[in-house]
Structures are given as C-alpha cells and as structure tokens.
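Subject: Model handover, aromatic contacts

Dear colleague,

Here is the model for your files. My notes on its aromatic side chains follow below.

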Amino acid sequence: MCGIAGLIDPSLAAQPEALQRSARDMANAIAHRGPDGEGVWIDAAIGVAMSHRRLAIIDLSEAGAQPMMSADGRWVVSYNGEIYNTEEIRREPSVAWVKWRGHSDTEVLVESVASKGITAAIKSLNGMYAMALWDRRERVLHLVRDRLGIKPLFFTFHGGKIAFGSEIKALLRLGFVPREIDAAAVSSYLKFGYVPGPGAILGGIEKVMPGEIVSIGVNGRISRSRYWRLEDAVAQGFEAPLEVGDREAIETFSSLLADAVSRQMISDVPLGAFLSGGIDSSSIAALMMAAGKGPVRTFSIGFPDLGFDESAYAARVARHIGSVHSELVVTAADALATVPLVPEMYDEPLADSSQIPTFLVSKLTRSHVTVALSGDGGDELFAGYDRYKILTRFSRYAGPMPIRFRVAAGAILGALPPAILNHLSHLLGGMVPQRLGDKVRNLSCVMSLDPDGVYTRLVSLVPDVGLHIADREDPPGPGGAPPGLGVLDRARFLDTVTYLPDDILQKVDRASMAVALEARPPLLDHRIVEFAWRLPPRFLVRNGETKWLLRRVLDRFVPRHLVERPKMGFSVPIGEWLRVPLRDWAEDLFAPARYGGGILDVKPAQEIWRKHISGEKNYGPQLWTLLSFEAWRRQWAEQMQRRPAQASNAMAIPSGRLGNAGS
C-alpha cells in the first residue's frame with residue numbers, strides 16, 4: 001500500500017526544480033502512507049510530475065520502486081494498492097515479450113497497459129487500487145480506481161492545472177487548488193455522516209468513483225468512463241441466478257471465498273487479520289488458517305471499562321482455529337486520546353465514531369505485521385445490517401396498506417406521549433421493548449413513507465438535528481438503483497455504492513494508512529460481489545437468520561455457539577463520552593464565538609447539546625456529526641471560505657450520480 005500524488009502545471013514547464021519540489025511536497029503530505037521510500041518522475045517540457053510514497057509489500061527491492069515507466073517508454077504509473085492475479089497476467093501471451101526486471105505487481109500492471117491498452121488491462125485486474133497513468137505519447141493522464149472503491153483517489157482541474165492524490169491533504173500543498181468549503185457537501189455530510197462522491201468537502205475537488213477511469217488531457221478535456229458497474233453485476237445476476245441446492249451453494253461459495261483469501265495472503269512482509277469474533281472476520285481468519293500458508297496472527301481490542309467488549313468472543317474464536325492472537329485492552333483514556341487525532345487523520349469530515357477503535361486496532365496490528373485482512377463488505381453483500389430487517393418488515397406489514405390508512409395510523413401513533421410510554425416500558429421490564437415511546441414515535445414518522453423514504457430515514461441523521469446551515473440545499477434521497485429490485489436488494493445496492501465506499505472503506509483506509517498498515521478485504525473481491533448478486537434471497541436471509549450462506553461456510557470451521565450473538569458493530573459509547581470525559585472538548589467546539597465559521601448555526605447545536613447533557617435524550621450520533629465537522633474545520637479550514645450552495649454541484653446520493661454511472 002502506498003500514497004500517490006502528482007500535477008500537471010503548464011506554468012512550470014521548463015522548470016524542473018519547481019516541478020520536483022511541488023511533487024515531492026505533495027508526497028510528503030502523505031508520507032504516513034508509505035514510509036519505506038519515495039520517488040518523483042517529471043516531464044519538465046510539459047509540466048508533468050508524478051510522485052509516490054512506498055509501503056513495500058511485494059518485491060522489496062528497487063525493482064519495485066515507483067513511479068515506474070513501461071519498457072517501451074510510453075507509460076508512467078504511480079500506483080497504490082495490490083493486484084492479486086499478478087502471476088496469471090505475467091503468463092499471458094500479450095506480455096510474453098517482456099524482460100521482467102523484478103516481480104512487483106507494479107511492473108506487471110504497467111506492461112499489461114502497454115501491451116493491451118488501459119481499459120483491457122484494468123478489466124483484467126483482480127485487486128484493490130488507485131492509480132495515475134500518464135500516456136507520454138497522447139499526453140493524457142488517466143486516473144483509475146478499483147471496482148468497489150477500496151482505495152481513495154481525489155483530483156482537481158482548476159485554472160488549466162491538474163492535481164491528484166490519495167488524500168486531499170496532498171492537493172492542498174499546491175497553491176492553485178480550491179479551498180472553498182462546499183455548502184452542498186456540508187449539507188450532505190450533516191444528513192449522512194460522510195461526503196458522498198463524486199463531490200468532496202471542498203468545491204472543485206472530486207473523487208474518482210469506484211470502477212471509473214477519469215482521463216484528462218493537457219488541453220483540459222476531461223472524459224469519465226466506467227469499466228465496471230454494480231448495476232451490470234446486478235442485471236447479470238438476475239439473468240443467471242444461482243439455481244442450486246444448499247449443499248452446492250455452500251460448496252461453490254466456500255471455494256470462491258477460500259481462493260480470494262488465499263490470493264490476498266500474498267506478501268513479502270508479515271501478514272495477519274483483524275478479528276472481532278463476528279461472522280465476517282471469523283470467516284476470513286478461519287480460511288487463512290485453512291490455506292496452510294504458515295502461522296496466522298489475529299488482532300482484536302477490548303473496551304472493558306466502556307460498557308462494551310467483544311475481545312472475549314475474538315479470543316475464543318482464535319483459540320478454536322489456532323491463530324496466534326494478540327489483544328489490546330483499551331482504557332477510556334486510550335480511546336479519548338485518539339479523538340484529537342481524528343481531524344488530521346481524516347482530511348474530509350467523517351462522523352463514523354468507529355473510526356476510533358478502527359485506528360486503535362490498526363495501531364496494535366501494525367506493531368506486529370504490515371498487512372491485515374479484514375471482513376469488510378459482508379453486511380452489504382449478504383444482508384447483515386439490522387436496517388434490512390426493518391425494511392423487510394415494513395414492506396411486508398405496512399407496505400400493502402393504503403397510504404391514507406398509514407398516514408392516519410402515523411398521526412395516531414404520533415399523538416401518544418413518548419415519555420409516558422418510555423416510563424411504562426421501564427416498569428414492565430422485558431415484557432415490552434425498552435424506550436417504547438421513542439420507537440413508537442419513530443414508527444409514526446415513517447408510516448407515510450415509501451420503502452425508499454424509510455431507507456433514507458434509516459441512514460440519515462438530519463431529521464433529529466434540524467436545520468444547521470443557512471440556505472442549504474436538502475440532499476436528495478437514494479436514486480438510480482436498477483428497476484425491479486425488491487426492498488432488500490435495493491437497500492443492499494444503495495449501501496454498496498454509497499455507504500460502503502464513502503464511509504466504511506474511507507474510514508478503514510485512513511485509520512490503517514495513518515500507521516502504514518495495508519488492510520485487505522477479501523469479501524470485496526469483485527468475483528464474490530458478482531456471485532452475491534446471483535444468490536436468490538433464501539441464501540441471504542432464512543427464517544430471520546441473516547448472512548445465511550456466509551454462516552454456513554463458517555460452520556465448517558467454527559462452532560455456532562462461539563459466534564452466535566446479537567450484532568454489536570464496532571462503535572463506541574459516544575453519547576456517554578460527551579456527557580463526561582469529552583464534555584470540555586465539545587463545549588469548546590460549540591462556543592458561539594468560533595463555532596461554524598459562518599456555515600453552521602450554533603443555536604440548534606446548543607439546543608440539542610442542552611437536551612443531551614440533561615439526559616432528556618441521547619443525541620450522541622448527531623452531536624458527533626456536528627463536532628467532527630467543527631473539529632475538521634478548525635484543523636484544515638480556518639482560512640477557507642464558504643462556497644455558496646447555489647454555485648455547487650456536489651450532491652449526496654444523487655439520482656444523477658447513480659443514473660449516469662455508465663457515462
């Protein structure tokens with residue numbers, strides 16, 4: 001894993017020292033991504049520079065150094081990621097003429113592009129990657145991102161100049177990069193807790209989308225194309241569903257996942273796995289052991305004094321499969337000490353509080369190994385989120401009701417006093433759901449919605465927070481999913497193209513790369529993604545059991561009683577922290593004299609802060625969203641100006657974004 005950056009600046013043509021300095025400065029901003037080496041390549045006659053920070057994983061020699069030029073001299077690549085089918089590509093007739101200098105995947109990549117052309121070469125890759133390819137003959141820069149968006153890539157075209165990088169902080173080293181906060185992006189962030197692509201928090205900066213090639217000529221012409229789309233995988237899955245029995249489905253998936261795990265274990269440096277003791281991570285760790293490639297190290301963290309702790313489950317799984325297990329007991333002080341590091345680590349605001357334990361487990365893991373496999377992607381592909389159950393039940397019971405009846409029922413439920421119902425549920429103990437009043441109120445709010453509206457509410461934060469930004473545009477709801485999808489499949493699709501790349505994978509990338517750890521998610525092998533969309537619903541959820549097929553694979557290695565428990569996630573008790581240990585930090589950020597920078601309105605923030613502190617209601621997630629933005633703004637944007645909403649084209653989960661995915 002590495003960090004890449006570069007620029008095209010015609011004003012620096014014939015100024016090699018200035019080009020070198022700019023490219024190296026960009027790379028130094030992301031030096032944490034690659035502490036093992038650095039490289040810069042320039043074409044001074046045009047004003048092109050590409051830089052690279054190296055985390056050496058495959059071929060530790062100088063033969064794997066970047067930027068790297070193809071043997072024919074046409075292509076130069078700066079690349080971040082890993083390609084898992086390198087040896088198959090190396091044996092292809094199209095590259096039989098190559099006299100290999102080493103055994104790095106970078107060399108195989110650039111020679112494959114030189115031999116087959118960029119689109120054919122990229123389509124043949126199995127891996128995770130973000131790369132910049134400079135075509136010296138055509139004078140075109142190609143920016144490419146992997147199919148699922150595992151690796152990040154940002155770019156800007158401004159004033160005839162181009163810049164790109166693995167993180168926004170690399171772009172900000174250049175004076176011509178826009179530094180205006182995009183009001184529409186802030187609005188999207190407040191609603192969803194992340195900034196959805198293709199926009200970024202700063203107007204004028206964009207994300208290369210998953211499965212996309214962005215081509216930019218020195219003349220300023222930009223074209224965007226998709227070499228892989230989830231929509232196509234969905235359509236193909238519906239055309240050729242997996243019509244087999246349980247035994248064959250389990251056998252087929254087990255073999256496919258085992259192959260993905262085995263491929264991703266390739267490394268010239270120590271390798272391990274994150275292990276929470278849940279279904280996804282336990283499956284990956286067990287298959288690593290089954291691969292028989294030597295001892296497997298697993299890592300987990302526990303928060304015994306913070307009210308939740310999955311480390312005991314992880315330890316039991318590790319003992320059963322025989323991995324060499326390391327566990328870090330994290331105190332409240334350890335976790336809280338991470339909070340001030342978040343704005344520097346995430347140079348775009350992210351309100352996922354699990355970023356804290358993700359960083360801590362990455363830090364522990366990096367002290368022992370350089371590569372770690374993770375279980376990310378299992379919930380989206382195999383229907384593991386609780387919201388899928390809610391959506392399915394809503395569609396089954398409320399969906400058939402005429403809308404006028406649902407509106408009336410919602411009004412009746414909304415008239416019931418929540419405080420009295422909450423007190424009643426407390427008195428009756430386990431006879432009725434806890435905080436019954438809150439649940440009834442939430443139900444009343446969605447009774448008049450269609451399934452898309454329910455999904456949007458389930459993934460949104462804004463309804464409980466209110467208006468925080470003057471003249472903001474209200475972010476649109478989900479759109480662009482293929483027609484004909486049922487409620488469950490539509491939610492899986494939307495999560496895979498929005499929440500997964502823009503929240504989950506961004507979180508893991510920044511947290512792991514902050515300590516120079518490469519995180520690999522075998523479940524996001526594109527072959528598994530395509531396989532998952534061929535599965536009939538009975539292989540996803542059966543008799544209320546989620547991830548049915550993935551659980552059956554795990555059954556081969558781990559007894560069910562070791563992993564069967566309510567889904568906990570990787571969250572922290574942020575609401576409790578804000579009331580006591582983080583109270584001073586939060587109140588400083590909410591101070592009216594500095595809060596918001598003219599973007600956020602302090603009054604509604606202070607109102608929900610007051611209610612939270614008093615214990616009237618837990619506004620932890622909403623407050624963390626506001627505080628994360630404000631902490632980011634003070635870290636990065638004190639001198640930045642606000643970009644007016646009407647001038648912005650950054651939107652959240654826009655129908656245009658998904659609907660034009662093939663453009």
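Phe629 is buried, at 0% relative accessibility; buried means under 20% relative accessible area, with a 1.4 Å probe and protein chains only. This is a predicted model, in which local features need pLDDT of at least 70, side-chain atom pairs count only at pLDDT 80 or more, and totals for chains, interfaces and linings use all residues. Residues are numbered from 1 along each chain as its sequence is written, and side-chain values use heavy atoms, with hydrogens and water left out.

The structure contains twelve aromatic pairs (rings of Phe, Tyr and Trp, the last by its six-membered ring, with centres within 6.5 Å; planes under 30 degrees apart are stacked, over 60 edge-to-face, the rest tilted). One of them joins Tyr189 and Phe629, tilted, with 6.1 Å centre to centre and 40 degrees between the planes. Tyr189 belongs to helix α6 (residues 183-192) and Phe629 to helix α26 (residues 620-636), so this pair ties together parts 440 residues apart in sequence. Helices here are DSSP runs of H or I, at least four residues, numbered from the N terminus. Tyr189 is buried too, with a relative accessible area of 0%.

Tyr385 and Tyr388 make an edge-to-face pair, 5.6 Å centre to centre and 65 degrees between the planes. Tyr385 is buried at 12%, and Tyr388 at 2%.

Arg387 has its charged end over the ring of Tyr499, 5.2 Å from the centre (CZ of Arg within 6 Å of the ring centre and within 35 degrees of the ring normal). The charged end of Arg542 sits likewise over Trp548, at 3.8 Å from the ring centre.

Regards

How values were computed: Helix = DSSP H or I, 4+ residues; strand = E, 2+ residues; numbered from the N terminus. Buried < 20%, exposed > 50% of the residue type's maximum accessible area, 1.4 Å probe, protein only.
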